[in-house]
Amino acid sequence: MANPNIVAVTSIYGNTSYLVPTGTTATTWTALTPAVGTVNKIDNIVASNVTASAATITVSINSATGGGGTAYRVAYQISVPAGASLIVVDKTTAFYLGEAQSVVVTSGTTSAIEMTASYEAITS
């Protein structure tokens with residue numbers, strides 16, 4: 001079931017996930033990929049720079065699981081100042097992630113950015 005009918009919801013669970021890209025290559029945020037029969041509503045994503053220098057971040061929604069398919073960028077090479085946080089997604093820009101999609105994060109500096117995301121796992 002690639003896109004469950006969320007009108008007939010059987011459960012909604014609130015979740016928070018964390019990711020620290022440990023390299024400068026694209027990292028698939030596997031915890032955000034929904035289980036079979038589930039769609040995840042991504043309510044917010046925050047990128048926090050924990051270093052003393054600015055670091056860039058790119059976040060994309062990919063059209064296939066595991067970071068495959070086409071990348072549709074939500075944020076592209078945005079510089080996050082030292083010791084600052086960037087709200088990439090909030091309730092005004094929330095999106096649904098189906099089980100055949102993925103979220104991919106690319107940091108310009110190794111281990112500089114800590115990512116957090118809050119989302120609702122909606123099962124029908």
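Modeller: Helices (H or I, at least four residues) and strands (E, at least two) are DSSP runs, numbered from the N terminus. This is a predicted model, in which local features need pLDDT of at least 70, side-chain atom pairs count only at pLDDT 80 or more, and totals for chains, interfaces and linings use all residues. Residues are numbered from 1 along each chain as its sequence is written, and side-chain values use heavy atoms, with hydrogens and water left out.

Biologist: What makes up the secondary structure of the protein?

Modeller: The protein has zero helices and nine strands; from the N terminus on, its elements run β-β-β-β-β-β-β-β-β.

Biologist: Why does the radius of gyration of the protein agree with that of a compact globule?

Modeller: The globule rule, taken over C-alpha atoms, is 2.2 Å times the number of residues to the power 0.38. For 124 residues a compact globule would have a value near 14 Å, and the protein has 14 Å, so the two agree. The C-alpha trace spans about 50 × 25 × 20 Å along its principal axes.

Biologist: Why does Phe-95 count as buried?

Modeller: Buried means under 20% relative accessible area, exposed over 50%, partly exposed in between (1.4 Å probe, protein chains only). Phe-95 has 12% relative accessibility and therefore counts as buried. Phe-95 lies in strand S7 (residues 95-97), and of the 124 residues of the protein, 36% count as buried.

Biologist: Which residues are in contact with Phe-95, leaving aside its neighbours within four places in sequence?

Modeller: Contact means heavy atoms within 4.5 Å. The partners of Phe-95 are Asn-40, Lys-41, Ile-42, Ile-45, Ile-61, Val-89 and Val-103. Asn-40 is 55 residues from Phe-95 along the chain, with their C-alpha atoms separated by 8.3 Å.
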